[in-house]
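Visitor: Could we go through the ring contacts and the helix packing here, and could you start with what counts as a charge over a ring?

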Amino acid sequence: GAGIQTKTLPPADRAALLTDGYALVKAGKMGPASLIQLLSKYVDEDSYIVWSGIADILGGLDTVLSDDPAMSKNFKSLAKKIVMGLYEKVGWEAKPTDGHLGVLIRGMMIGLLSNFCYDDEAVAAEAARRFALFQQNHADMTSLPSDMRSSVFKIYLKNGGAKEYEDVKAYFGQATDNAERKHVLASLGHTPNPKLKRATLDWAISGEIKLQDFFYPIGAVRSSSLEGRHIAWEFLQDSFKAVQAMIGNASPSLMDAVIVSCAGGFCTEEKANEIAEFFKVNPVPRSSRKIEQTLENMRANAKFLALLQSSDLAKDEFWNSL
């Protein structure tokens with residue numbers, strides 16, 4: 001731990017320690033508690049190479065642990081602490097000393113803020129301030145550079161309600177190119193309001209969004225929370241015929257994307273069986289490989305979650321001791 005905290009270990013070694021540890025835990029060859037204890041030592045980390053590894057591990061653990069609300073709460077609290085450590089070093093503003101990696105780490109950090117620190121008062125206030133400036137002038141690349149937009153939209157949505165939802169959605173009609181519209185599509189589903197999540201899904205198949213892009217808002221709802229996953233899966237079951245008709249004879253990759261966007265992310269054997277049963281009754285031969293992969297992934301995640309649940313991670317006192 002000392003070599004990590006004092007950074008006497010080179011960045012590539014600090015990254016490898018963590019990514020190797022994560023791989024060992026997933027393979028059942030290292031205790032999950034050891035990985036979390038190791039992760040907690042990275043609160044002072046500022047290397048882009050190391051943060052690439054940290055971000056992947058935080059994302060992977062978040063997906064699996066979100067199926068267990070008690071463990072998820074403890075994990076998110078640690079993740080927030082680690083990400084806030086980086087936030088205090090890097091900040092929102094570009095610096096003359098940044099260099100290429102400085103720009104990359106800031107973009108990554110703001111993405112992590114939208115996942116783990118959106119409820120921090122200072123983060124929420126700064127995102128709202130930048131969004132307000134952006135509303136006044138969409139060409140304002142200083143207040144809201146393109147690589148920050150999806151993340152800032154998410155933070156703004158997660159701290160708001162119907163007004164914030166309509167503010168972000170309005171940009172879809174105002175944006176001048178498709179890359180900008182995608183910032184709306186990738187973020188809108190992160191509204192905390194279940195009715196607005198469902199409205200986002202209905203909008204996705206309304207015909208207002210290009211066929212090659214309509215699965216993005218669906219994926220945003222699914223990845224937004226455990227509740228979002230259930231809403232997206234229910235939506236696919238309710239609207240399956242409409243979705244099939246929309247896609248028609250277009251590329252099978254579109255239906256593949258819809259399947260992952262609606263049914264991916266669950267981490268229980270029961271859900272895998274339920275989804276398998278649905279596609280048995282509603283076969284999609286051109287997407288059979290993608291359905292298999294999605295179910296395999298889900299079952300692997302269910303096993304991984306069971307491993308984590310049987311470890312010290314299930315105990316509040318473990319998290320409090322970090």
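Guide: A charge sits over a ring if NZ of Lys or CZ of Arg is within 6 Å of the ring centre and within 35 degrees of the ring normal. This is a predicted model, in which local features need pLDDT of at least 70 and side-chain atom pairs count only at pLDDT 80 or more, while totals for chains, interfaces and linings use all residues. Residues are numbered from 1 along each chain as its sequence is written, and side-chain values use heavy atoms, with hydrogens and water left out.

Visitor: OK, which ring does the charged end of Arg229 sit over?

Guide: The charged end of Arg229 lies over the ring of Phe266, at 5.9 Å from its centre. Lys26 has its charged end over the ring of Phe304, 5.7 Å from the centre.

Visitor: And how many aromatic pairs are there?

Guide: Rings of Phe, Tyr and Trp (its six-membered ring) pair if their centres lie within 6.5 Å, with planes under 30 degrees apart counted as stacked, over 60 as edge-to-face and the rest as tilted. By this rule there are 17 aromatic pairs. One of them is Phe131 with Tyr156, which is stacked at 4.1 Å centre to centre with 20° between the planes. That pair links distant parts of the chain, since Phe131 belongs to helix H7 (residues 121-136) and Tyr156 to helix H8 (residues 146-158), 25 residues apart; helices are DSSP runs (H or I, at least four residues) numbered from the N terminus.

Visitor: Is Phe131 buried or exposed?

Guide: Phe131 counts as buried because its relative accessibility is 1%, where buried means under 20% relative accessible area, exposed over 50% and partly exposed in between (1.4 Å probe, protein chains only). Tyr156, at 11%, is likewise buried.

Visitor: Why is the pair of Phe240 and Phe279 edge-to-face?

Guide: The ring centres of Phe240 and Phe279 are 6.1 Å apart and their planes are at 75°, so the pair is edge-to-face. Phe240 is in helix H13 (residues 226-247) and Phe279 in helix H15 (residues 269-281), 39 residues apart.

Visitor: Switching to packing, how do H13 and H15 run relative to each other?

Guide: Their axes, which are lines fitted to C-alpha atoms over the stretch in contact, with angles running from 0 to 180 degrees between N-to-C directions, come within 12 Å and cross at roughly 15°. H13 and H15 are therefore roughly parallel, the term for angles under 35 degrees. The contact (heavy atoms within 4.5 Å) involves residues including Trp233 and Phe240 of H13 and Ile275 and Phe279 of H15.

Methods. Helix = DSSP H or I, 4+ residues; strand = E, 2+ residues; numbered from the N terminus. Parallel < 35°, antiparallel > 145°, perpendicular 65-115°, else oblique.
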